[in-house]
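Please look over the sequence and the 3D structure below. Then use this briefing to find your way around.

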Amino acid sequence: LIKEAVGERECFRLQLGARIPKDQTEAEDHLRKRFGAGGSAPLKSSLVEEVARQLNDIDFGVKLVIDKPEILALIDVLTLTVELDIRSHYVYGRYRKLERGIPQTKWPCRACKGRGCVKCDQTGLQYLSSVQGLIGDPLLEIFGSKEHAFHGMGREDIDVRCLGRGRPFVIEMKKPIKRDVDCDMIMQTINEASSGKLEVSSMRPSNRSEVVRVKDTPAEKSYTIQYKIEAITQAELDVLTQVMEVPKNNQDRNRRRKDHHRGKKRKNTEEKVEIDLSQLKKAELVALCEEKGIAKSGTKDILIERLSNFKEETLPLPDPDYVMEIMEKLQGCTLAQRTPERVAHRRADKIRRRKVIETSEPHIEVGEDGILVGKFNLRCESGTYVKETVHGDGGRTQPSIASLIKAKCTVEWLDVADIHAD
């Protein structure tokens, strides 16, 4: 029965078990007490030992173990059937994501929650390709599995490339038929199927304990980031340098989390509302002029024209040499980072302390329109929000490059240069 149940599945470590009805176990205990045979071998273990002996006699070719099996064969004594608990097969490796716009794990469609609809072309996916799909899907046929799970050492944003030696990961193949597969062949298959979007390396057989290690390792990471520098107003600078605190009764975060799960898009409260000046009374126009510090005399039409042409005074752009100095001096700085707005719906709203361990190769370019473009490398502690380290996230990260150089910084691109682990 066990040999038929295992069939063509590759198995090198098999564990035997038995399921005995409760009334039969109670009858066995009664007989043991009646005849004073307290030291006699239990029926369950005796049955398992006899089955194991017979399997060895027929040269089954599988090592029988009592822990960490690849397959657990459970014998049901009542129905005389065998139930298999097939354990997953794990493969460790590193991946390099060479294109932007690819999420790490499969992302269900927001509209249909993965069921399939017109918006996702019946795929059930928000994005057709993912790191998990590019690695796991080609392996389904090789291992004879129907499902896979992905376990990575952290994750990068969808618009971020992962270069260098790559990010460590473990791919879990569920209920495989084959286990003894050549890792070089696996790597070649994945790299050819990904069409230049992704590369894998250093793949080898792994185990469940390494999944825990990979997910729990707080590895330092190196990044390369490029950003645009523009002038800001004093009011915008005040926001970047405001006192940072987490409100005790954070109702806004709870509302944002509910809206996200319901699929509602939340309006950005920082967006300026366009005011139709022609609909305002003259007293309201005068109050606006006083607020902006411009002349408040004249007719209503003159006030409207004055307000329409008004542009708030911006601070002067920083000197390129000063920006270079700030990028260099960020090394060794400890940042206070409140959970960014973009991930606040799924992470605890609190302030985290993260250290910038090293910065290198700062570079500044001055465009034809006078806009500065900065670029540098930095190495940070695990869990550092790198984009927010540059643009400040409305004062939720302090200090930031933007608050220190007193200018608006817009991240153009970010690459993970290396992950310092393994």
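Buried means under 20% relative accessible area, exposed means over 50%, and partly exposed lies in between (1.4 Å probe, protein chains only). By that rule Cys117 is buried, with a relative accessible area of 17%. This is a predicted model: local features need pLDDT of at least 70, side-chain atom pairs count only at pLDDT 80 or more, and totals for chains, interfaces and linings use all residues. Residues are numbered from 1 along each chain as its sequence is written, and side-chain values use heavy atoms, with hydrogens and water left out.

**Cysteines**

- A disulfide is a covalent bond between the sulfur atoms of two cysteines.
- Here it is counted as a pair of cysteine sulfur atoms within 2.5 Å.
- A search of the whole structure finds zero disulfides.
- Take Cys112: its closest cysteine sulfur is in Cys117, 3.7 Å away, which is too far for a bond.
- Cys112 is buried, with a relative accessible area of 5%.

**Salt bridges**

- Side chains of opposite charge can pair when their charged atoms come close.
- A salt bridge is a side-chain nitrogen of Lys or Arg within 4 Å of a carboxyl oxygen of Asp or Glu.
- The structure holds 25 salt bridges.
- One of them joins Arg19 and Glu83, with the closest N and O atoms 3.4 Å apart.
- This pair links distant parts of the chain: Arg19 is in strand 1 (residues 13-19) and Glu83 in strand 4 (residues 81-86), 64 residues apart.
- Strands (E, at least two residues) and helices (H or I, at least four) are DSSP runs, numbered from the N terminus.
- Arg19 is partly exposed at 35% relative accessible area, and Glu83 is partly exposed at 44%.
- Asp418 and Arg165 also meet in a salt bridge, at 3.3 Å from N to O.
- Asp418 lies in strand 14 (residues 408-420) and Arg165 in strand 7 (residues 161-174), so the bridge ties together parts 253 residues apart in sequence.
- Asp418 is buried at 16%, whereas Arg165 is partly exposed at 40%.
- Asp349 pairs with Arg338 in a salt bridge, the closest N and O atoms being 2.9 Å apart.
- Both Asp349 and Arg338 are buried.
- Salt bridges that share partners join Asp157, Asp159, Arg342, Lys387 and Glu388 into one network.

**Backbone details**

- A cis peptide bond joins Gln398 and Pro399, with omega about -10°.
- Pro399 sits in the loop between strand 13 (397-398) and helix 13 (401-405).
- Asp121 is not a glycine, yet its phi is positive, at about 60°.
- Asp121 lies in the loop between strand 5 and helix 4 and is exposed, at 63% relative accessible area.
- Asp393 is not a glycine either, and its phi is positive, at about 55°.
- Asp393 lies in the loop between helix 12 (386-391) and strand 13 and is buried, at 16%.

**A contact across the chain**

- Thr314 and Ile232 are 82 residues apart along the chain, and their C-alpha atoms are separated by 5.2 Å.
- Thr314 is in the loop between helix 10 (300-308) and helix 11 (320-329).
- Thr314 counts as partly exposed, at 42% relative accessibility.
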